[in-house]
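Hi everyone, thanks for making time.

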Amino acid sequence: MCGIIGYVGQKQVLPILIEGLRRLEYRGYDSAGVAVLRNGQIELRRSAGKLARLEEVIATQPLDGDYGIGHTRWATHGRPTEENAHPHVDCTGRVVVVHNGIIENYLDLKQQLQKEGHTFVTETDTEIVAHLIEREMKDDGLENATRRALLYMRGLFALVLMSADDPNKIVTVRNGPPIVVGLGEGEFFVASDIPAILSHTRDVVFLGDEEMAIITPSGVEFTDYAGRAVSNKSTRVAWDPVMAEKAGYKHFMLKEIFEQPMAIKETVLGRASVESGKVFLHEIKIPDEVLRETERVVILACGTSWHSALVAKFMIESIARIPVDVDYGSEYRYRDPIVSKNTLAVVITQSGETADTLAALREAKKKGARSISICNVVGSMATRETEGTVYTHAGPEIGVASTKAFTSQLVALHLLALYLGQIRGTLSPEQARPHIEGLTQLPMLLEQVLKCEPQTEEIAKRFHQRSDFLFLGRGINYPIALEGALKLKEISYIHAEGYPAGEMKHGPIALIDEQMPIVTIAPDDHVFEKMIGNIQEAKARGGSVIILTGENQHGIKDILDPATDFLLTIPDAHPLITPVLMVVPLQLLSYHIAVRRGCDVDQPRNLAKSVTVE
């Protein structure tokens, strides 16, 4: 978590820092600050609260500089106060640092530095970095002082530093959380994510772990912690800067919900042919003969990506006939998992930088698994550490609650399942064609689904003051019930539970009363009648039901009470594609409930977009 921005160049530095922080505020919004260097002195402006508060502070206390760094915080160590806001300085005020991550041994280091006479003024772990650099600063420059300081620090962290005693230089370090260096014409940038610098350059370099960049007006030098030169290739980002703007929508989340048809079209484009009945995933570098010998797939993910993994289990087992296990990335490496050379590890991460998922990937690889990532960010850590990647082409997702990234993941995983079935001989071209036709028609079907927005607004109007929701689904759609509940929790702060519908009688039914809305996912599939039985059981206990079903409806209207119940119809589609269609009304419902409750939809409390620390 946390957003970092830095700039060296000929333009006015403050507008670039503020714009970058605005584009990074989804990573953290407890406090914010900037530091600039001018006439040999470092000047700071910081504030608690969101970025708008910092802008107010700067308006009353203007500053300017030749170059600088900025930060928007998601609090870990220390309360979200102005005192704890980044950037932080040393005793002399000559060294300044911003930080994403955790210095695990900061208490020991703090005690040691205090004994040496250093004075601390914050509750953060970050402040010890500035004091370590102060202690290590000699005549050989900021980068070497940083290298010496790193020898004392344990944890996962990204750092960006400046020193008034080594001017016209920014030093940045990565050990876990992401750092992106932007290469412009006579100007250079550092940030924790691409959107912060997209309006200035599309040419970026992703730092690897235990790597450093030394940025000056004349260029960028990349080294490892020991100072040895590192050859890092730049990546050309395909995203258009306009894609990171709201484009007239009230919130990024709503914009991104409506971008799903295009995101899915881009994810499928060029990868599947109805005519040949084949799927082409050239980014997967694992030889066919190795994939053919796969005996087990383990999918590793967190949060919404974990829900896409649960859907993928149904897809891969159905199509490729390989047993699939789904694990939380945050739990996997703590239980000594059983892995063989014929295990395929698939990691799902929108950012490619999720700390728990990367740690799980490394554990699986260490034990001998082959690896594939499903990822949205070209050049991110997950894509560099896996043997192959199936990229989602969702574009930048700014809203903290994932929408288009999730549905793009489902489509990419469907393509992966088809690819594995194709290689393993469990899926003929004739059998593949209905899947491919469904995927190519999916953007059009989603456009139809999005027309249900007025209905979701009406449902939100009815139920936005309720305190609890229950979401039910069966088969491949029960993970969509989990995802629907998660979306509602994330952005409206309403308690919601998602369950396989068959589990309702094993506990959750005790919660149902007249105040409990039950959202049910009932496509026209082989468990439709079972689902209707669950709906009847909920209604018999006084619950109001919101039903998502296919166009046929099968007389569902006959069992509904128009005064208390709602029906949303979804276009019929291939059974393995219905999860994509079913989740969109749930996204819209959560959005409109959150708006009616006055919640901050794009930046829900306590959450950040990318969890880059454990």
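Just so you know, what you're looking at is a predicted model.

Okay, helices. Find α15, which runs over residues 453-463, and α18, residues 578-596. Their axes sit 8 Å apart, and the two pack at an angle of about 45 degrees. An angle like that makes α15 oblique to α18. As for handedness, the α15 and α18 crossing is right-handed.

So who touches whom? From α15 we have Glu-453, Thr-456, Glu-457, Ile-459, Ala-460 and Lys-461. Across from them, α18 brings Pro-585, Leu-588, Leu-589, His-592, Ile-593 and Arg-596. Sort the residues in this α15 and α18 contact by class and you get 6 nonpolar, 4 charged and 2 polar.

Now, the rings. How many aromatic pairs does a search of the whole structure find? It turns up 7.

Let me pick out Tyr-7 and Phe-189, a tilted pair. Their centres are 5.1 Å apart, with 45 degrees between the planes. Tyr-7 belongs to strand β1 (residues 3-8) and Phe-189 to strand β10 (residues 188-191), so this pair ties together parts that lie 182 residues apart in sequence.

Are these two buried or exposed? Tyr-7 is buried, at a relative accessible area of 0%. Phe-189 counts as buried too, with 1% relative accessibility.

Last stop: there's a cluster of Phe-463, Phe-469, Phe-471 and Phe-566, linked by ring pairs.

That's my tour, happy to take questions.

Terms used
Residues are numbered from 1 along each chain as its sequence is written. This is a predicted model: local features need pLDDT of at least 70, side-chain atom pairs count only at pLDDT 80 or more; totals for chains, interfaces and linings use all residues. Side-chain values use heavy atoms; hydrogens and water are left out. Axes are lines fitted to C-alpha atoms, for helices over the stretch in contact, and angles run from 0 to 180 degrees between N-to-C directions. Helices (H or I, at least four residues) and strands (E, at least two) are DSSP runs, numbered from the N terminus. Angles under 35 degrees count as roughly parallel, over 145 as roughly antiparallel, 65 to 115 as roughly perpendicular and the rest as oblique. A crossing is left-handed if the near helix is turned anticlockwise from the far one by less than a right angle, and right-handed if clockwise. Contact means heavy atoms within 4.5 Å. Ala, Val, Leu, Ile, Met, Phe, Trp, Tyr, Cys and Pro count as nonpolar, Asp, Glu, Lys and Arg as charged, and the others, Gly among them, as polar. Rings of Phe, Tyr and Trp (its six-membered ring) pair if their centres lie within 6.5 Å; planes under 30 degrees apart count as stacked, over 60 as edge-to-face and the rest as tilted. Buried means under 20% relative accessible area, exposed over 50%, partly exposed in between (1.4 Å probe, protein chains only).
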